[in-house]
Amino acid sequence: MKVHTTLKIALRALRRNIMRAILTMLGIIIGVAAVIAMMEIGQGTSASIQRTIANMGANTLMVFPGQAASGGISFGMGSNLTLTPDDCDAIAKECPAVLAAAPLTRSNGQVVYGNKNWVPNQITGTTPAFLDVRDWNDMAEGEMFTDRDVRNGSKVCVLGQTIVTQLFDDVSPVGKEIRIKAVSFKVVGVLRKKGANMTGQDQDDVILAPWTTIKYRVSNSGGGGGGVAIAPDSSGGSSGINSLNSLYPQNTSTLYPAPNATQQADTPLPVRFTNINQIIASARNGEMQLAMRQITQLLRQRHRIAPGEDDDFNLRDMTEFNQTLIQINDRMTQLLLFVASISLVVGGVGIMNIMLVSVTERTREIGLRMAVGARGMDILQQFLIEALVLCLTGGLIGISIGRGISIFLRQYGIPTETSITAIVISVVVAASVGVIFGFYPAWKASRLDPIEALRYE
């Protein structure tokens, strides 16, 4: 018999008992709907947990300068000035696994507003990309300073909630001016409250400003000596370097002859560049190790480090947070698979039970078909198709119900995410359940003796 003929016979047999077919599919419908709903709820919850842990810095990578040494004595990590703002830009542009990257320069000192003062935990010079790295884009008030402010060395800043509480009480700080080491800064925004990190450090006790301003106006450090020239501050702040040279006449005569080309080649001057204290970057979800490899390869190439030589930088990741995230995802996946297995096994047992009853009821029909020439393979194929149609139909209905449950729960604030993978797997599993649990009844029907089957009452 041809497959389409067998399919017609199977569908005709199912139509004779519509109610029984619906009740048979009910187990698969409930099982698949539960799987879809739970997997979408689980995936939404997992994404919510990932965002929460990422907000704590789980996907953050930190690049520090290497260590300098002299006479066999190491000066510790960060003592060698090797990182530049161009390194940070290259990481953001040339490393596909990196979501965002920002340079950091740090300072410390007293902050004054009116008759109040405070010493922040962090005075950080950076770029607007810092908020992307730390997932801190939702401002409580105002806005973040711009890349143009960074290029111009503008005296603007963004405050954390702790600074606002200590200096401004209930007054909005946006538009006000504070002093950091006698340099006036205009407050353009307030960060939303972030709380303490895993080590207990207050993340809201922070001031963010353009790194060029912090480096050249507040810290007065040129790093390697080069950098952006900043005009003296006309507002009375001490942003320039005090010098008394202009009070005394300058000796314009040359005491020593200018060195020739050979002397200059024999005594090269050190290359001077603008350095930064640190680069902070965020890796895309699940690509932490790839991001670390890409950053390492890029910086070795940019710093012209030969194969076999040690890196002149140090790369750190949040290993503990990552392990926590992996464990949470693994446990949740195992739980969902366990529950899904129970639901589908129950539905499969129901399919097998009804198919066995169907074989018993249709014994004379099977015997008659075999008596007029049907082979055992035709009988096996017919009952397998019946089980497969029941499971696939139940699976499609279950997918619709599961998606409806997911959408309904989303309206009430329960995080869910559409999972195409779960839908595809549900269809495949439904078909597999139909074949696996329908095979034994179909095999039993195909092994019947035609004569005994015709005598069956």
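Predicted model: local features only at pLDDT ≥ 70, side-chain atom pairs only at ≥ 80, totals over all residues.
Colleague: What percentage of the residues count as buried?
Modeller: 42% of the 457 residues.

Colleague: Secondary structure. How many helices and strands?
Modeller: There are 14 helices and 14 strands.

Colleague: And contacts between residues at least 6 apart in sequence: what share join residues at least 24 apart?
Modeller: That share is 76%.

Colleague: Switching to the surface. Which residues form the nonpolar patch?
Modeller: Ile18, Met19, Ile22, Leu23, Leu26 and Ile30. Together they have about 590 Å² of accessible area.

Colleague: Where does isoleucine 30 lie?
Modeller: In helix α2, which covers residues 18-55.

Colleague: Is isoleucine 30 buried or exposed, and why?
Modeller: Ile30 counts as exposed because its relative accessible area is 54%, and the cut-off for exposed is over 50%.

Colleague: What does α-helix geometry say about residues three or four places apart?
Modeller: They point the same way, because an α-helix has 3.6 residues a turn.

Colleague: Now helix α6. Which residues in it are buried?
Modeller: α6 runs over residues 161-168, and Thr162, Ile163, Val164, Leu167 and Phe168 are buried there.

Colleague: What do the buried residues of α6 pack against?
Modeller: Strands β5 (111-113), β6 (116-118), β9 (156-159), β10 (177-180), β11 (183-191) and β12 (206-210).

Colleague: What follows α6?
Modeller: Aspartate 169, with a positive phi near 55°.

How values were computed
Residues numbered from 1 in each chain as written. Heavy atoms only, no water. Helix = DSSP H or I, 4+ residues; strand = E, 2+ residues; numbered from the N terminus. Buried < 20%, exposed > 50% of the residue type's maximum accessible area, 1.4 Å probe, protein only. Contact = heavy atoms within 4.5 Å. Patch = residues over 30% accessible without salt bridge, like charges linked within 9 Å, V, L, I, M, F, W, Y side chains within 5 Å. Areas by Shrake-Rupley, 256 points an atom, 1.4 Å probe, with all protein chains shown as cover. Salt bridge = Lys/Arg side-chain N within 4 Å of Asp/Glu carboxyl O.
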